[in-house]
Amino acid sequence: MRKKKIPFIEQLGVHTILLAAFLIMAIPFFWMVSTSFKNPDEIYIFPPRWVPHRPTFDNYVELFKTVDFGRPLINTVIVAVTSTFLSVMLSAMAGYGFAKFRFRGKEKLFLLVLATLMVPGQMTLIPVYLILNSLNLLNTYAGLILPGVASAFGIFFMRQFIMSIPDELIDAAKMDGAKEFFIFLKIILPLSKPALATLTIFNFVGAWNSFLWPLIVATDEKMYTLPVAISVVQGQYGEKIALQMSGSFIVIIPIIIVFFFAQKYIIKGLSMSGMKF
Amino acid sequence: MKTRLSAILIFLGPALFIMTVFIIIPIVLSLLISVTDFNVYAIFDWKNAEFVGFKNFIDLFSDVIFWKALFNTFYALVVALPLTIIFSLLFALLLNRSATHFKSFFRLSLYLPSITNTVAIAVVWAWLLNPRYGLLNWFLGLFGIAGQNWLSDPKWAMPSIIALVVWKAIGPNMLLFLAGLQNIPDFLYEAAELDGANRWKQFLHVTVPSLRPQLLFVSVMLVIGYLQLFEEPYMLTKGGPLNSTISIVLYLYRQGFYQFNFGYASAVAVVLFGIILTLTAIQMRLRKYQE
């Protein structure tokens, strides 16, 4: 490869555009954090004050004392962790079945699973609400978690990955008398770690951020998840901007932490899922 | 050798059972409910719902707010889709240059908005767009540009929502384009250069054709995603002012879970499904036709 000389003006232009993009992406986050530590009198100062002169934790204290943010926080952790675990397990098991089992009608069954990807989630909103209502599962963890744990995307994703595991490995284990469950636990799962990690992160981020479904199922204050609680705070404490910002920050911070530790998987998983379309 | 039935049931059973109960049966139910007058009285006893044929769909046809919701959703789609693709592609190209510095830093910062919670971020945007104390109007003021009443002016409310939507969508699509760009072999560009193609021509005749799979994937996913617009208008404007930001899904939510007109709301869902299917099918056709 020969190296071309790149004009200085081009380098300057490219990096200016990227810097501008960085600022546009970052300022809302910076502003959220900054405002969440402001006293009421600093919020409405003009021109805006980027860093509070007298930072305070009052907004966070109020959020947990007055608005009782602890309960939605716990709910969200329970729902996100459980549904991620169940969803990844079910996807891995079904993915294994669709990748390696031999039985009649397998392809048709798999196509049916894939076909559900075409259906927008809103289409099932009302019937699932009615089904949960008749099962007395509204305002329960089961109601928040179960409807989302079987994902066609997850099954598809795991199947694609498990198909690349050589059949010989499985056949050899079978020769030694291993049962399917043993093969799944001792061969498939360990070899699928990268795919499992990717799917776990996707599912966790998705479950943590989910809004429309909890908004409908969790009408009792005790069952609110964080995004629902935020929307309520925005409605009821409309004038308390700093309170809204500290609430938003609490919702976002776990995802940002997950993101920084897992960005390698997120980026790889995203391009994997995209390429195989 | 065939797999034993017990193994099939154990491994595929749970996922398929949950899928049947929470996706497949509900799809059928949704179609059925859409031809009934299912309302608040039917929630506790489904027998109270009566078959009304296509009445809900006929009513939708003359429902001004539904047309408004359709119009707004397509407005968002038609504006946000090209903007998302152009910006994603632009940043992918800039980050794909070997001479660009701090690549992973810029890549991460562009990606971050897409994984953060839409509800939380919408709260922040509402504050940034605040006409009196918001950063945006302050910033415009520095250049002597008059600020706007972004979210309460029917003219500006939808553009504000679109800005948030595009802001969030750039990251992941940029990554997909970046992956595609990295798969284009260098010799294609070298050959084009030998033929005297300038950079713009190289972009049109090498980059764009090579990125066709990514362009198709991204546009199909964006169409599906943007047609389901909900959280941004719900949080920023509740569909207002004057229904200028009400979207199909927001209308479905209002009809279903505010007014408990489940039959009517299901008809909205069926129409949305029909639109998504049609547009996806058209995109697939176009792709076949191009090849």
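This is a predicted model: local features need pLDDT of at least 70, side-chain atom pairs count only at pLDDT 80 or more; totals for chains, interfaces and linings use all residues.
The UniProt record, an unreviewed entry, lists residues 73-262 of chain A as "domain: ABC transmembrane type-1". Over this stretch the chain is 76% helix and 0% strand, and its end C-alpha atoms lie 22 Å apart.

Even so, α1(A) bends by about 35 degrees at A:A26, with a proline, A:P28, following within four residues.

Attention now turns to charged side chains. Side chains of opposite charge can pair when their charged atoms come close. Over all chains, the count comes to 8 salt bridges. One of them joins A:E10 and B:R97, with N and O 2.8 Å apart. This pair crosses between chains, running from helix α1 of chain A to the loop between α3 and α4 of chain B. B:R97 has a relative accessible area of 14%, under the 20% cut-off, and is therefore buried.

Two further salt bridges lie within chain A. A:R49 pairs with A:E42 at 2.7 Å; A:R49 is partly exposed at 24% relative accessibility, whereas A:E42 is buried at 2%. The side chains of A:E62 and A:K240 meet at 2.8 Å, linking helix α3 to the loop between α13 and α14 across 178 residues. A:E62 is partly exposed, at 21%, and A:K240 is partly exposed too, at 33%. Finally, shared partners join A:E10, B:R97 and B:R199 into one salt-bridge network.

Notes
Residues are numbered from 1 along each chain as its sequence is written. Chains are lettered from A and ligands numbered from 1 in the order in which they are written. Side-chain values use heavy atoms; hydrogens and water are left out. UniProt positions are given in the numbering used here, feature names are shortened, and annotations may be inferred rather than shown by experiment. Helices (H or I, at least four residues) and strands (E, at least two) are DSSP runs, numbered from the N terminus. The bend at a residue is the angle between axes fitted to the seven residues ending there and the seven starting there. A salt bridge is a side-chain nitrogen of Lys or Arg within 4 Å of a carboxyl oxygen of Asp or Glu. Buried means under 20% relative accessible area, exposed over 50%, partly exposed in between (1.4 Å probe, protein chains only).
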